[in-house]
Amino acid sequence: SLDGDAAAAMRYTECRLERLSDGLLDELTQKTVAFRPNYDGTRSEPVVLPSRLPNLLMNGATGIAVGMATNIPPHNLGELLDACIALVDDPGLESKQLLRFVKGPDFPTGGQILNSKKELQEIYETGQGPIRVRGEWKLEAGPQGGMNIILTSVPFQVNKGNLVARIGEIVADRKLPAVVDVRDESTDEVRVVLELKRASDAELTMSYIYKNTPLQTNFGVNLTCLVPSDNPEVGTPRRIDLKTALRHFLEFRLEVVSRGLAFQLGQINARLHVLEGFERVYDALDEMLRIIRKSDGKVDAAKKLGARFALSEEQTEAILEMKLYRLARLEIFVIQSELKERRTEAARLAQLLRDDKRGERARWGVVRAQFLELKKEVSDKRRTKISGPVEEIAYQEEAFIPDEDAQVIVTRDGWVKRVRELKSLSSTRMREGDAIMVLVSGSLKANVVFFSSFGRAYVIRINGIPASTGYGDPIQKLFKFEDGERVIGAISLDERLPRALRMMAISKKGLGLRFDLKAHSEVSTRSGRRYSKPAPNDAIIGVVPCEERDLVAVVSRKTNGLICKASEVSVLAGPGRGVTVIKLAPGDEVAGFACSDKKIELRFETERGREISLSAKKYEVTSRGGRGRELSKRDTVKALLAGPSVSVLPGMPAPSAEASGDAP
């Protein structure tokens with residue numbers, strides 16, 4: 001099922017074999033293959049079917065075992081039979097020469113194969129490699145003058161329902177503005193309609209769909225098979241090429257044909273034996289009848305007839321079971337005619353079964369004739385097109401992103417969402433006890449960087465952040481966070497915002513470092529990129545923009561404060577732990593920091609309720625690495641009094657913080 005529908009229960013189903021299945025089962029009654037007991041030993045079953053068809057390549061196979069797997073694509077039966085015939089005629093043909101007949105996989109769902117001839121040759125010579133398959137499409141005029149894209153096929157093993165749902169998600173997320181609607185109008189044939197806006201580029205739209213949906217996928221070929229061994233019930237797993245696969249099938253067919261001919265010869269000889277008995281007694285019918293009438297029963301009659309006419313048990317049994325009308329005068333001519341035909345057929349079969357090169361060539365002729373007959377009866381047209389490499393239309397992802405501005409909200413508990421516009425910090429929905437940590441803005445085409453406590457930077461387009469009027473999504477849904485990792489800052493890379501060249505990061509153990517933001521300007525993977533490598537018992541508490549002339553103010557939990565020049569903190573070319581900014585007493589850690597010009601000020605509240613300000617106006621600027629000055633004796637920092645970090649585009653009104661209830 002293209003839509004992944006499960007099969008009905010056995011009690012609801014019945015089936016009838018196709019004409020093609022005769023090629024699998026016809027010779028089963030001729031002792032052409034080995035039999036073994038079934039699962040409970042009550043019956044016998046064939047080890048393999050005496051197939052006239054190269055079924056393994058025709059239908060393909062997929063399986064996983066211990067330490068190995070197989071993934072064989074289906075092929076066109078007519079092409080396989082042509083290759084078999086060619087290999088019978090010339091056993092020296094190699095896989096690359098057989099590709100004149102077997103063009104490549106032929107999937108029942110159609111589609112296009114994008115591999116070049118050289119790539120296909122390598123796959124069939126090595127027995128492994130990727131087949132690139134994509135669905136087909138066409139353009140069709142819409143009802144209101146626009147154009148519709150019609151998907152007419154999907155790649156093999158792709159669930160059509162999931163494909164349509166995936167395209168629908170892209171349309172709903174406004175990542176493909178050229179598509180207005182998507183609907184599935186499939187019946188027996190695939191027909192998925194993508195309704196386009198007027199003047200939209202269909203080629204560009206399909207290029208995006210191929211890139212971001214399963215409409216283009218890879219089929220990993222792995223021709224690992226169980227090849228025959230000395231034990232007919234056990235095969236040896238081996239990866240093989242196209243020629244080896246066909247060669248094993250041909251040798252199997254030769255063996256099946258030979259055993260079938262031997263079975264037929266045995267049947268004919270058995271019939272000849274009976275007919276010769278009839279012929280012998282027809283010259284003495286009166287005497288035969290007299291012996292039977294004078295006998296004491298069937299056993300006695302059989303004994304006397306056998307002795308009189310030198311008959312075997314089989315011949316005697318056939319004579320005694322003969323119907324009376326067979327004693328007519330004309331019946332002897334029928335028997336003699338059948339005898340002649342049977343003897344001629346027996347001689348022909350004996351010639352075919354001769355154990356020499358002439359007999360083998362004759363048997364190969366039978367195999368070849370069967371292939372020709374099969375091709376005439378059951379071969380069909382190829383469904384999958386071999387188009388080869390196609391010229392990919394170059395496109396930029398930005399072409400499918402609306403030219404709009406948005407704001408990104410990151411909360412202290414690690415929830416993130418995208419909103420069109422935020423007039424007030426208190427108007428956005430947040431979970432109870434949570435608060436806004438960072439608000440940045442930018443174009444949907446711009447990137448935003450999230451910094452984590454474990455020293456990683458995660459970069460994503462603003463358009464890639466789900467829009468929400470609710471709580472948003474946990475940031476772990478967008479990226480691959482480790483246990484305990486959390487977001488500590490974010491910055492928009494929109495070109496209209498003041499460009500920060502470097503960032504300052506400080507850890508809770510008092511270590512600081514500066515790094516270039518340029519290294520984190522491109523979209524990252526879900527695992528992000530490292531900007532720092534904090535020690536196992538350490539973590540980054542914040543990352544902020546920092547210029548060369550700025551000052552850094554740091555305060556610890558035990559209210560030790562220090563102000564130094566940002567230029568004293570080393571700029572690291574790669575991720576590291578940094579240098580000591582403030583030396584901490586045992587059990588102490590950094591509570592917060594700020595990076596700004598000479599007007600720098602860091603305000604906090606202590607456990608005793610005091611509000612203290614650490615600024616360059618009150619305290620001197622010292623060198624980094626000192627213990628700083630104790631700002632409140634025998635007291636500790638309860639909370640910083642800084643509000644959320646807000647960065648908006650020029651001309652965009654900053655959201656008010658009235659009654660926001662933001663916790664520091």
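**Reading the terms off the model**

Modeller: This is a predicted model. S615 touches I563, I600 and E601, leaving out residues up to four places away in sequence.

Colleague: Where is S615 found?

Modeller: S615 belongs to strand 31, which covers residues 611–615.

Colleague: Why is S615 called buried?

Modeller: Its relative accessible area is 6%. Buried means under 20%, so S615 is buried.

Colleague: What makes A178 buried?

Modeller: The same cut-off applies: under 20% counts as buried. A178 has a relative accessible area of 14%, so A178 is buried.

Colleague: What is the place of A178, and which residues is A178 in contact with?

Modeller: A178 sits in the loop between helix 6 (160–172) and strand 9 (179–184). Neighbours within four places in sequence aside, A178 is in contact with E195, L196, K197, S200 and T205. A178 and I401 are 223 residues apart in sequence, and their C-alpha atoms are 10.0 Å apart in space.

Colleague: How do you know that strand 12 and strand 13 pair?

Modeller: Pairing needs at least two bridges between the strands. Strand 12 (residues 224–228) and strand 13 (residues 235–239) have five bridges, so they pair, and they do so in the antiparallel sense. C225 stands opposite R238 in strand 13.

Colleague: What joins strand 12 to strand 13?

Modeller: A hairpin does, through six residues.

Colleague: Why is helix 8 called roughly antiparallel to helix 12?

Modeller: Two packed helices are described by the angle between their axes and the distance between the axes. For helix 8 and helix 12 (residues 331–352), the angle is about 150 degrees and the axes are 9 Å apart. Angles over 145 degrees count as roughly antiparallel, so helix 8 is roughly antiparallel to helix 12. The crossing of helix 8 past helix 12 is left-handed.

Colleague: Which residues have the most contacts inside the largest nonpolar core?

Modeller: They are I131, L246, F278 and F371, in a core of 67 residues. Helix 8 (residues 242–282) gives the most to this core, with 16 residues. Apart from this core lies another, of 23 residues, among them L151, I167, V190 and I209.

Colleague: Which residues is L246 in contact with?

Modeller: Leaving aside neighbours within four places in sequence, L246 is in contact with L57, L80, A83, C84, L87 and L98. Contact here means heavy atoms within 4.5 Å.

Definitions and conventions:
Residues numbered from 1 in each chain as written. Predicted model: local features only at pLDDT ≥ 70, side-chain atom pairs only at ≥ 80, totals over all residues. Heavy atoms only, no water. Helix = DSSP H or I, 4+ residues; strand = E, 2+ residues; numbered from the N terminus. Core = buried A, V, L, I, M, F, W, Y, C linked by side-chain atoms within 4.5 Å. Buried < 20%, exposed > 50% of the residue type's maximum accessible area, 1.4 Å probe, protein only. Axes fitted to C-alpha atoms, helices over the stretch in contact; angles between N-to-C directions. Parallel < 35°, antiparallel > 145°, perpendicular 65-115°, else oblique. Left-handed = near helix turned anticlockwise from the far one by under 90°.
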